[in-house]
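Work through the exercises below with the structure open. Try each task before you read its solution.

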Amino acid sequence: MRTTPRRTHGARRALTGALLAGLALLTSAGAAVADDPSASASPADDGAGPTEAGTTFRTATALEQGQTGTAQASAGDYLYWVFPADAGQRPTVEATVKLPENARSSTSTWQIDVYDGLRRRQACMYGHQTGKAAADAASVELSCVLRTVRSWSEPWASDPLPGSYYIRLTVVDLPAADLGLPVGVEVKAVSKEQGGAHDVDGALSEPLVPGVSVASAGEASAAPRVPSAGEPEDGWASGWWTDRWLWTVGGGVLAALAAVFGYSLTRGRGRPAHVPPGV
């Protein structure tokens with residue numbers, strides 16, 4: 001009695017079943033991403049943004065990622081904007097200062113700083129955070145690339161966390177004779193998604209945005225909640241989903257296939273055809 005073809009056929013059916021099950025899991029995981037609007041949320045390039053800037057943290061002008069904010073100011077002013085950044089994003093802030101022509105007496109040095117929702121200054125990974133403009137320069141360009149925003153961090157650490165990020169632009173070295181000269185400013189914040197490689201186990205109960213504790217205390221009221229400055233209108237993307245789920249599911253499928261294949265190799269080919277039953 002030959003049993004090899006039947007067992008081979010059974011092993012193939014087991015392999016096919018495991019593969020189909022893995023594909024179903026991956027498909028359901030992909031569908032979860034598609035159904036969850038926050039999972040695929042990414043900053044859109046909205047073009048023109050606000051045309052003014054705040055002068056303090058409290059009066060910072062809200063700026064969406066991808067928008068270009070502009071402002072007319074005087075040399076020596078402190079200018080503030082605030083934008084949202086979520087977990088897994090690596091923000092980049094760019095600023096251009098347009099200087100007046102034939103009105104300056106010497107060189108000037110401009111600087112851009114970024115602070116998180118706790119008003120902790122965040123270090124730039126790279127970029128031109130400080131720029132020096134000659135007396136005849138038409139403009140000076142600045143940039144700051146932050147570290148990837150983490151979903152959770154130790155209280156004593158200064159890691160960037162989901163929430164509002166403040167941009168402060170000012171001149172740090174300017175002759176007294178040039179104070180008050182009119183300047184034009186353009187600022188823009190964009191982010192690059194870094195994916196699950198930067199995910200950590202943990203999440204904040206609330207993003208670091210101004211007034212979050214007051215908003216949480218008043219959630220029981222019937223009035224609809226209005227997003228505050230520095231908060232996305234469609235909510236925060238931080239949640240249960242990360243692309244690490246795909247790696248986990250894919251690894252499980254490969255492990256199941258390897259187990260079935262290994263079993264099919266080690267179980268043998270059955271009783272040889274020339275050996276009678278019962279031997």
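This is a predicted model: local features need pLDDT of at least 70, side-chain atom pairs count only at pLDDT 80 or more; totals for chains, interfaces and linings use all residues.

**Exercise 1.** Decide how many disulfides the model has, and describe the link.

*Solution.* Step one: apply the cut-off, which asks for two cysteine sulfur atoms within 2.5 Å. Step two: the sulfurs of Cys124 and Cys144 are 1.9 Å apart, and a disulfide joins these residues. The count is one disulfide. Cys124 sits in the loop between β7 (121-122) and β8 (130-133), while Cys144 belongs to strand β9 (residues 139-145). The two are 20 residues apart, and the pair links distant parts of the chain. The angle about the S-S bond is -105°, and the link of Cys124 and Cys144 is left-handed.

**Exercise 2.** Describe the surroundings of Pro50. Where is Pro50 found, and which residues does Pro50 touch?

*Solution.* Step one: locate Pro50 in the loop between β1 (47-48) and β2 (61-62). Pro50 has 17% relative accessibility, so Pro50 counts as buried. Step three: list contacts, leaving out residues up to four places away in sequence. Pro50 touches Thr61, Ala62, Leu63, Gln67, Thr68, Gly69 and Thr70. Glu64 lies 14 residues from Pro50 along the chain, and their C-alpha atoms are separated by 9.3 Å.

Note on methods: Residues are numbered from 1 along each chain as its sequence is written. Side-chain values use heavy atoms; hydrogens and water are left out. Helices (H or I, at least four residues) and strands (E, at least two) are DSSP runs, numbered from the N terminus. Buried means under 20% relative accessible area, exposed over 50%, partly exposed in between (1.4 Å probe, protein chains only). Contact means heavy atoms within 4.5 Å.
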